[in-house]
Amino acid sequence: MTIYHGSNVVVQNPKIITDGHYKDFGYGFYCTMLEKQAQRWALSRRRNHIVNVYAYTFSPELNMLRFPSMNDEWLDFIAKCRLGIE
């Protein structure tokens, strides 16, 4: 699967960020399957506009949550992340 990350720098080796301010889906390295969405993220940076492209292969070793739709479970998860609740 191809995924995209909008930034102001080239990111060769993504790292999971575990501190900083709270985000909609908690800490991590945010990617999307939508290139246009990554382009919008990149444009939100003050300097440079780069869309990093990665090939992703599913790994059962990763701790993942999947939300196939924007339902109550999805909204509850975002609300908790914004409050800093893991």
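Strands here are DSSP runs of E, at least two residues long, numbered from the N terminus. With that in hand, Val53 lies in strand 2.

First, the model. This is a predicted model. The chain averages a pLDDT of 83. In it, 87% of the residues score at least 70. Strand 2 has the highest mean pLDDT among the elements, at 94. Helix 2 has the lowest, at 87.

Now the layout. There are two helices and two strands. Read from the N terminus, the order is β-α-β-α. The chain has 86 residues, and 20% of them count as buried. It exposes about 7400 Å², with carbon and sulfur atoms supplying 53% of that area. Next, contacts. Residues 24 or more positions apart account for 68% of them.

Back to Val53. Which residues does Val53 touch, once neighbours within four places in sequence are set aside? Thr2, Ile3 and Tyr4. Strand 1 covers residues 2-7, and Val53 itself sits in strand 2. One more distance for this residue. Gln12 is 41 residues from Val53 in sequence, yet their C-alpha atoms are 9.6 Å apart.

Next, Ser7. Ser7 belongs to strand 1. Is Ser7 buried or exposed? Buried, because its relative accessible area is 5%, and the cut-off for buried is under 20%. Leaving out neighbours within four places in sequence, Ser7 is in contact with Ala42, Arg45, Asn48, His49, Ile50 and Asn52. Strand 2 spans 50-55, and Ile50 and Asn52 are among those contacts of Ser7. The side chain of Ser7 also has a polar atom 3.2 Å from the backbone nitrogen of Val9.

On to the aromatics. How many aromatic pairs does the structure hold? One. The partners are Phe67 and Phe77, with ring centres 5.4 Å apart. Their planes sit at 40 degrees, so we call the pair tilted. The cut-offs matter here: under 30 degrees would be stacked, over 60 edge-to-face. Phe67 is partly exposed, at 23% relative accessible area. Phe77 is partly exposed too, at 25%.

Beyond neighbours within four places in sequence, Met64 contacts Tyr56 and Phe58.

Last, the cysteines. Cys31 has 29% relative accessibility, so Cys31 is partly exposed. Cys81 has 7%, so Cys81 is buried.

To wrap up. We have a β-α-β-α chain. Val53 in strand 2 contacts Thr2, Ile3 and Tyr4. Ser7 is buried. There is one aromatic pair, formed by Phe67 and Phe77.

Technical notes. Residues are numbered from 1 along each chain as its sequence is written. This is a predicted model: local features need pLDDT of at least 70, side-chain atom pairs count only at pLDDT 80 or more; totals for chains, interfaces and linings use all residues. Side-chain values use heavy atoms; hydrogens and water are left out. Buried means under 20% relative accessible area, exposed over 50%, partly exposed in between (1.4 Å probe, protein chains only). Rings of Phe, Tyr and Trp (its six-membered ring) pair if their centres lie within 6.5 Å; planes under 30 degrees apart count as stacked, over 60 as edge-to-face and the rest as tilted. Helices (H or I, at least four residues) and strands (E, at least two) are DSSP runs, numbered from the N terminus. Contact means heavy atoms within 4.5 Å. A polar contact is a pair of N or O atoms within 3.5 Å; within protein, one must be able to donate a hydrogen and the other to accept it, and residues adjacent in sequence count only if both atoms are side-chain atoms. pLDDT is the predictor's confidence in each residue, from 0 to 100. Accessible areas come from the Shrake-Rupley method with a 1.4 Å probe; for residues, only the protein chains shown count as cover.
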